Amino acid sequence: MMPKIDSSSVLVALENVDIIKERNLILSGVSLSVAKGEWVYVVGKVGGGKTSVVKALIGEIPVHKGVAHVVGFDLCRIKTRQIPLLRRKIGVVFQDFQLLMERSVFDNLAFVLSSTGWRSKKMMTQRILEVLDKVGMRHKSHKMPYQLSGGEQQRVAIARAVLNNPQLILADEPTGNLDEETAVGIMSLFSDLHKNYGLTILMVTHNMSMVQRFPGRLFKCESGKCVEFEMQQEIDFSVDTYV
């Protein structure tokens, strides 16, 4: 019998899970947990499977064996029709922003709200301006994405991710396309949201200097495994190892 998972306090509970993509075993025996309010990193070399963890958590690729509960859903038994419901409880921030280039910043966010059932234009406007305030982009709500810098586009992407008050934020290499100074600004924004609003974050990154600067629990994907590391353990933090 599977253990009962308290989804109110543990948002991600993977125990001895295999992650499979196109019939290929990517990671085996994965055990990873994220409690409400935590900041957790998944690191590893390119091709090591860390992005596959994110894709598994949003139901994009299947998991097998063990226990796999995410924001109250059982990934081992989830039905296709339930996946949109799962994703509404998760905000995702991508490395390449994935904004709609033909829509303004405001309209990018309005599109998300209208697609998830919001109907009142007044309430939509209020919520959009509220989250743009949080990420410091209210003054550019009228701009098109191509008129923004990479860091500004990522701020809008973070605003989009938090629009519907998700239980969990998944950030997949959110500073991967940014210079170091801009990356620090984005990580500082995540840190502020985490501390001030209790945001729960699982972040995939190869930028180990940022892990040192903004510490959290750490899992490393390597040789088909994903295991937890204590920060005091010796880890090679050189960028060459992880990019």
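Axes here are lines fitted to C-alpha atoms, for helices over the stretch in contact, and angles run from 0 to 180 degrees between N-to-C directions. Helices (H or I, at least four residues) and strands (E, at least two) are DSSP runs, numbered from the N terminus. What you see above is a predicted model, in which local features need pLDDT of at least 70 and side-chain atom pairs count only at pLDDT 80 or more, while totals for chains, interfaces and linings use all residues. Residues are numbered from 1 along each chain as its sequence is written, and side-chain values use heavy atoms, with hydrogens and water left out.

Let me begin with the sheet. It is open, has six strands in the order β7-β8-β9-β3-β10-β11, and its pairing is mixed, where two strands pair if DSSP finds at least two bridges between them. β7 (90-93) and β11 (225-229) are the edge strands, each with a single partner, so one side of each has no neighbour in the sheet. On average, and ignoring direction, neighbouring strands of this sheet are turned by 20° against each other. At one end of that order, β7 pairs with β8 (residues 168-172) in the parallel sense over four bridges, and V92 stands opposite L170 in β8.

Next, the helices on the sheet. Helix α1 (residues 50-57) packs on it, touching β3 (39-44), β7, β8, β9 (201-204) and β10 (217-222), contact meaning heavy atoms within 4.5 Å; the direction of α1 makes about 140° with that of β9. Helix α6 (residues 180-197) lies across β3, β7, β8 and β9, running at about 145° to β3.

Now, how do the helices pack on one another? Helix α5 (residues 150-162) packs against α6 at an angle of about 20°, with the axes 10 Å apart, which makes α5 roughly parallel to α6 (angles under 35 degrees count as roughly parallel, over 145 as roughly antiparallel, 65 to 115 as roughly perpendicular and the rest as oblique). This contact is formed by G151, Q154, R155 and I158 of α5 together with T182, G185, I186, L189, F190 and L193 of α6.

Helix α3 (residues 105-115) also packs with α5, at an angle of about 25° and with the axes 10 Å apart, and α3 and α5 are therefore roughly parallel to each other. Here the contact is made by V105, L109 and V112 of α3 and by V156, A159 and R160 of α5.
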